[in-house]
Amino acid sequence: TVTIFKVYDILSSNMETVLRDESISVARELASHSREYILINDLYGLTRLLKDISKNRPEVIYAFVVDSHNEVLAHSFSEGFPLDLLKEGIRSDIRENTITLRTNEGTVWDTFYPVLEGGNGGVYVGVTEQVMRQQIAAFLRSLIVHTATLLLVVLFLSFFLTFIIMKPVIKLLGATRAVRRGNYDCIIDRYPRDEVGDLVVAFNAMLRQLQQADADRKDKEKIRNEFLQRVISTQELERKRVSRELHDQTGQAL
């Protein structure tokens, strides 16, 4: 999001310079091509030249040529020359200059460039910001779509990697609970070759030691039980022997 806003800010800040340079460049190009038409008074050819420029360059919304008396010789407007432009756009200066006009189509960079030296008319070119703003908007939409797509891919990979990492950890947790209940047969298969896998190997080694210790404890318990059973049997035999002696000897004596 920060990158998108930063890109928009940079593009918007550079747009004014780009449009001003575009307006000057088109005005110079038209002035260079208009000299011959003006010298031979070919107004039809001059009009076609202006309209072709507006047609081939969508950012150029108008272009017109004036004579030394600021009378319009030819223009690119298809529905007549707007009178408001006569009041605001035409300057008496004979040098190249650029101004900004506020119109219903947004800001327009209007550049005047003299056709011939000595003040024999010039070319006016208006470049609008709408085309570039549309291009910036399209670029930002594309950037947002690609960023969102990348974000979804990253989230999917994050969940997938988290699952891969957490699966042995969850198994370890379950095995730990089983060990706490006294079950030492929960050996975990090692499939990740990383630190978690090393932890699984260490846990399995601990389980095998616990299994051996439990087996040893059971063996000792079995031996102790057998010993106790023998002691009890010996005591029972001794009681029986004493009882027989009392019955056979002491009883007879009594």
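Start with arginine 224 and glutamate 221: their side chains meet in a salt bridge, 2.7 Å from N to O. By salt bridge I mean a side-chain nitrogen of Lys or Arg within 4 Å of a carboxyl oxygen of Asp or Glu. Both residues lie in helix H5, 3 residues apart, about one turn of the helix. Helices here are DSSP runs of H or I, at least four residues, and strands are runs of E, at least two, numbered from the N terminus. Arginine 224 counts as partly exposed because its relative accessibility is 43%. Glutamate 221 is partly exposed too, at 32%. The cut-offs: buried is under 20% relative accessible area, exposed is over 50%, partly exposed is in between, with a 1.4 Å probe and protein chains only.

A word on the source. This is a predicted model, so local features need pLDDT of at least 70 and side-chain atom pairs count only at pLDDT 80 or more, while totals for chains, interfaces and linings use all residues. Residues are numbered from 1 along each chain as its sequence is written, and side-chain values use heavy atoms, with hydrogens and water left out.

Back to H5. Glutamate 238 and arginine 241 form a salt bridge at 2.3 Å, N to O. They also sit 3 residues apart in this helix. Elsewhere, arginine 133 bridges to glutamate 129, with the closest N and O atoms 3.6 Å apart. Is glutamate 129 buried or exposed? Buried, at 11%. Arginine 133 is partly exposed, at 37%. Glu22, Glu29 and Arg57 are linked in a network of salt bridges. The structure holds 10 salt bridges.

Now glutamine 211, found in helix H5, residues 195-253. Glutamine 211 touches Tyr184, Asp185 and Ile187, leaving aside residues up to four places away in sequence. Contact means heavy atoms within 4.5 Å.

Asparagine 70 takes a positive phi near 60° in the hairpin of S1 and S2, which has 5 residues between the strands. S1, residues 60-66, has 6 of its 7 residues buried. 3 bridges join S1 to S2, residues 72-75, and the two run antiparallel. Pairing requires at least two DSSP bridges between strands. Phenylalanine 64 stands opposite histidine 75 in S2. S1 also pairs with S5, residues 122-128, antiparallel over 6 bridges. There, valine 66 has glycine 122 as its bridge partner.
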